[in-house]
Amino acid sequence: MANTLAPDEAINSVRTAWSLGQDAPRPQGAAPVGLPTPIRFEVLGISHRTADQALRNRLGIARSEIPALLAALKERGVHEAMALSTCNRTEIYFHCEDASEVLRLLASRAGLDPVALEASLLHERGSAAARHLFCVAAGLESAVLGETEILSQLKEAWGLAREAGLIGRELDFALQRAMEVSKRVRTETEIGQRVTSVGSLSVREALRRVGDLRPRTVAVLGAGRTAVRILKELQTQGVGNLLILNRTLSHAEALAAEYGARALPLEKLPQALASADVLFAAVHTERPLLSVEALRAARNEATQPLVMLDLSVPSAIDPALASEPLADLVQMDALIARCLANSERRQASLPAALEILEGELERFETGCEERESAGTIQVLSRWAGAVRDQNLAWALDKLEHLPEAERKVVQDLALRMVRGFLQAPIRELKAARLNREERDAVERLFGLADEGYAGGGDEPF
C-alpha cells in the first residue's frame with residue numbers, strides 16, 4: 001500500500017486556489033487573499049491529507065497526554081493553545097510570538113528533526129487558520145466527508161485547553177463560530193446525509209472479509225469513542241459472542257453490560273486472540289500491543305487467519321503482521337481509502353458548504369475587528385469623559401449661584417456635546433475594520449496615552 005493517500009481533490013483544489021489568491025472557485029463575496037487580518041492564531045499539524053500512517057502514529061497524542069503537552073506549550077511562551085488529536089489528525093491551534101517553539105515541541109515528541117518534520121506539516125496563519133478550523137468542524141477535512149464525531153472531539157479538546165488556562169478570547173470566539181459553521185453546513189446542505197464513520201466502515205470491511213458476523217467471535221480492544229461506534233455497528237449485525245478488552249476493566253464492564261458482551265482485562269489478550277475470528281483495535285497506546293510473536297503464540301493451532309482492523313493511533317498492532325499468514329491485517333490508511341471512494345453525492349454539496357463557510361469566515365473576521373476596536377473605543381470614551389468632567393468642574397465652580405435645575409442643564413449640555421463629538425469617530429471605529437497600526441494612529445491623534453486623560457469618566461457614549 002502506498003504510504004500517503006491521494007488527497008480529496010474537491011476540497012484541496014479549493015484550498016490551493018485560495019492560498020494562491022486565484023479568483024476561482026472562491027464563493028461570491030469572499031474577502032480577497034492577502035489583506036490584513038485581525039486573526040492572530042495559527043494551526044500546525046498533520047492529517048491523513050498530509051502524512052502517512054507511520055508519521056501520524058509518531059505524532060499521535062493520547063487524551064491523557066494532552067494536559068502535559070499544553071503545560072509544555074505554556075512554558076514555551078504560548079499564549080493560547082488547543083491540541084486536537086484524532087485517529088486521522090494531530091493539530092495544535094495556538095497564538096504565540098514564535099511558531100517554531102510549537103514545531104520543536106512536536107518534533108521532540110516524535111523524535112524527529114524539526115526541519116524534516118516541517119515538510120509534512122500543515123501550517124496556516126490568520127484567516128487561513130480560521131478557515132481550516134471551520135472546515136475541520138464541518139467535517140470537510142475528515143476522511144469520511146461530513147462525519148460528526150469530530151464535533152465531540154473538538155469540544156473535548158476545547159474543554160481540556162480551557163482547563164489548562166490556554167483558551168483566550170480569540171480561540172474561544174473562533175471555536176464558537178466553528179460550531180455554528182458546522183451546524184449550518186450539516187443542516188443546509190447534504191454534506192451530513194448518509195455519513196458513515198471510520199468505525200462503521202471497519203465493521204463493513206470485516207463483513208466483506210469473513211461474511212456473516214453472527215456466528216463469529218469478535219473482540220474489541222478499547223473502550224473509547226471509536227470502540228463504542230464499532231460496538232453499536234456490531235450490535236446491529238447481531239454478533240452473539242462479543243469480547244471487550246481494556247486497560248481499565250470497569251470501563252470494559254460498563255460497555256459489556258450495555259452491548260451484551262463479555263469484559264476482559266487487557267492481560268487476557270492472548271486468550272482473546274486464540275478464540276477470536278475478528279479483532280478491532282481502537283485504543284491509545286505508545287507502542288503496539290500485539291506483535292508477530294504474540295500472535296503466533298496465541299494462534300499456533302488456528303486454521304484460519306485472524307482478521308484484524310487497526311483503528312488506533314499510534315497503531316496498536318505491529319504493521320509487520322501485514323505479511324504474517326496467521327493475520328489478515330487492515331490498517332487505517334486502507335479504511336480511509338474506502339472512505340474517500342464512498343462520498344460522491346456528498347462531494348456535490350461542497351460548493352454550497354464552502355460558500356457557507358466563507359460567509360461565516362467573513363463574519364468571524366468582522367467580529368474580531370470589532371473586538372479589537374472595542375479597546376480603542378473604550379479608551380476614547382474614558383478620555384472624553386475625563387475631558388467633560390474636568391471642564392464641568394471648572395464651569396460649575398464659577399457658577400455656584402445657579403440653582404440646581406440650571407446646573408443640571410449645564411451638565412446635560414456637556415454630556416450631549418461630548419456624545420455628539422464622539423458619535424462619528426466611534427461609528428467609524430466600529431465599521432472601518434482598522435488594523436492595529438491604524439488604531440494606534442487614532443489613539444495618538446486623540447492623545448489617549450496622555451496620563452491626564454487616562455482614567456475617570458467611565459460613562460459609555
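This is a predicted model: local features need pLDDT of at least 70, side-chain atom pairs count only at pLDDT 80 or more; totals for chains, interfaces and linings use all residues.
## Basis of the model

Local features require pLDDT of at least 70 and side-chain atom pairs pLDDT 80 or more, while totals for chains, interfaces and linings use all residues. Residues are numbered from 1 along each chain as its sequence is written, and side-chain values use heavy atoms, without hydrogens and water.

## Nonpolar cores

A nonpolar core is a set of buried Ala, Val, Leu, Ile, Met, Phe, Trp, Tyr and Cys residues joined through side-chain atoms within 4.5 Å; buried means under 20% relative accessible area and exposed over 50%, with partly exposed in between (1.4 Å probe, protein chains only). The largest such core holds 69 residues, and F41, L140 and F364 have the most contacts inside it. Another core, of 34 residues, lies apart from it and includes A143, V203, I244 and Y259.

## Helix α3

Helices (H or I, at least four residues) and strands (E, at least two) are DSSP runs, numbered from the N terminus. In α3, residues 66–75, the buried residues are I66, L69, L70, A72 and L73. These residues lie on the same side of α3 because they cover an arc of only 155 degrees around the axis, the arc being that of the directions from the helix axis to the C-beta atoms. A68 and E75 are exposed on the other side of α3.

The buried residues of α3 pack against β2, β3 (89–95), α4 (100–110) and α7, where contact means heavy atoms within 4.5 Å. Just after α3, G77 has a positive phi of about 90 degrees.
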